[in-house]
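Visitor: I am new to this structure and would like to learn how to read it. Could you take me through a few features?

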Amino acid sequence: MSVEEIKVVNYSKGAAIVVQNSINTGNFFIVRSGRVSVDSEHIVVDHELAFYEAGDSFGLVSALTEHRFLVTLFADTDVELVQIPIRLLGSYLKERKELAMKILGLYSRELRTLQKHLSKANKPADRDYHPERLVLNARTYLSWQKPNLAAYSLQTFIKWSKENNSTENLAEATELLRSIGSNYKPFVWESMQSNLEAGEILFVESEKNNEIYVVLEGNVKLFSIVRGYEYVIDVLGPGEIFGEMSLIDNAPRMASAITETKSKVLRVTAENLFESVGPSLLQKIFESIARRIWFSHQRLVILRLKTPVIRLYAYLYNSIRDQDIRLGRTLDESLANAHTIYIQMEELCNMCGIIKVKQDTIQEFLADTNLVIEPSRITIKSRKRLEEKLGHYKSKEGQIVA
């Protein structure tokens with residue numbers, strides 16, 4: 001690693017550091033000293049990001065996803081920045097645990113905020129632990145005809161009750177578990193890294209634990225209960241991290257996680273995460289966070305589109321872009337090949353905010369000869385034909401616009 005690759009850059013007070021909509025040439029920035037101010041409103045609606053100070057960072061999402069800068073940044077004081085080529089981020093942070101924890105925590109907060117708005121959960125502001133929600137959730141899972149999820153949720157509640165000598169709701173939970181008749185037993189982790197079958201439950205919404213997970217092989221689905229329905233938050237692949245919210249608080253899980261396919265998963269604590277992974281996997285973890293933030297921004301835009309069919313096409317288009325980024329495919333390669341998205345049609349509708357929809361409303365999509373819709377996947381034969389369906393909803397830069 002040479003000085004020329006990672007360097008310190010200085011800006012005088014008042015100087016522009018980043019201009020909104022400019023292209024990131026592949027660098028990540030850490031504020032070493034001084035104060036960087038934000039000159040335009042941040043897209044996350046929970047708050048307006050005002051400034052960055054020493055130890056804060058920016059540029060991860062734009063560098064990894066070819067997304068343009070969302071804001072204009074200028075030096076509020078004299079500023080010193082560390083400029084890191086994105087390909088060296090993993091090795092740089094591997095030797096700086098505290099800095100890596102802080103950066104991962106900051107991006108985890110942004111991701112959580114985006115996911116909250118995506119699900120429109122509007123949950124209580126407090127993040128206290130209410131274990132009785134595990135019993136309520138179990139009844140919802142039963143209405144979805146998913147007895148294993150219900151059994152896991154009830155088992156978790158009963159275990160908590162015994163550990164805390166609590167009898168409140170215990171009889172109800174015990175009787176409900178007996179009536180389900182499910183033989184499901186939670187997976188027993190005998191080592192940090194394990195091979196899991198499809199359908200294995202890693203944790204459920206409202207459960208309280210602090211483990212962090214990294215997908216090494218396979219796919220894991222994250223979902224939550226929204227107005228009584230299953231809302232799919234994300235489907236994660238190799239190199240993706242989840243459960244990372246435990247880095248920033250000790251609150252109950254906001255979603256459930258289940259393996260969609262046979263998978264290999266790493267399970268660690270916040271304390272040993274950075275000791276358990278090498279620089280290349282750490283690089284993938286930060287890339288995962290960046291992609292999920294970018295994809296969540298785009299999903300918020302998609303949910304504002306009025307036409308259900310356009311939402312479906314837009315989601316598939318963004319899924320292709322997400323795959324291209326993950327696999328390092330060029331645009332020419334992407335246009336020349338078919339693309340398979342491993343998602344059920346019901347899940348696709350769900351993720352596009354189409355929960356109660358008549359088939360005739362999306363008949364154009366279902367009858368599209370460019371699509372091969374199978375029970376567990378959708379194949380797009382031609383990306384170009386898919387883009388033609390989006391028309392003016394796709395900008396010249398490739399972003400979905402409302």
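Predicted model: local features only at pLDDT ≥ 70, side-chain atom pairs only at ≥ 80, totals over all residues.

Visitor: Now the helices. At roughly what angle do the axes of H5 and H6 cross?

Guide: Angles over 145 degrees count as roughly antiparallel. The axes of H5 (residues 147-163) and H6 (residues 170-180) cross at roughly 150 degrees and come within 10 Å, so H5 and H6 are roughly antiparallel to each other. The crossing of H5 past H6 is left-handed.

Visitor: Which residues meet there, and how many are nonpolar, polar or charged?

Guide: From H5, the residues include Leu 154, Phe 157 and Ile 158, and among their counterparts in H6 are Leu 170, Leu 177 and Ile 180. By class, this contact has 11 nonpolar, three polar and no charged residues.

Visitor: How many aromatic pairs are there?

Guide: For ring pairs, look at the spacing of the centres and the angle between the planes. The count comes to 13 aromatic pairs. One of them joins Phe 295 and Tyr 315, which are tilted, with 5.4 Å centre to centre and 45 degrees between the planes.

Visitor: Where do Phe 295 and Tyr 315 sit?

Guide: Phe 295 is in helix H8 (residues 279-303) and Tyr 315 in helix H9 (residues 308-327), 20 residues apart, and the pair links distant parts of the chain.

Conventions: Residues numbered from 1 in each chain as written. Heavy atoms only, no water. Axes fitted to C-alpha atoms, helices over the stretch in contact; angles between N-to-C directions. Helix = DSSP H or I, 4+ residues; strand = E, 2+ residues; numbered from the N terminus. Parallel < 35°, antiparallel > 145°, perpendicular 65-115°, else oblique. Left-handed = near helix turned anticlockwise from the far one by under 90°. Contact = heavy atoms within 4.5 Å. Nonpolar A, V, L, I, M, F, W, Y, C, P; charged D, E, K, R; others polar. Phe/Tyr/Trp six-rings, centres within 6.5 Å; stacked < 30°, edge-to-face > 60°.
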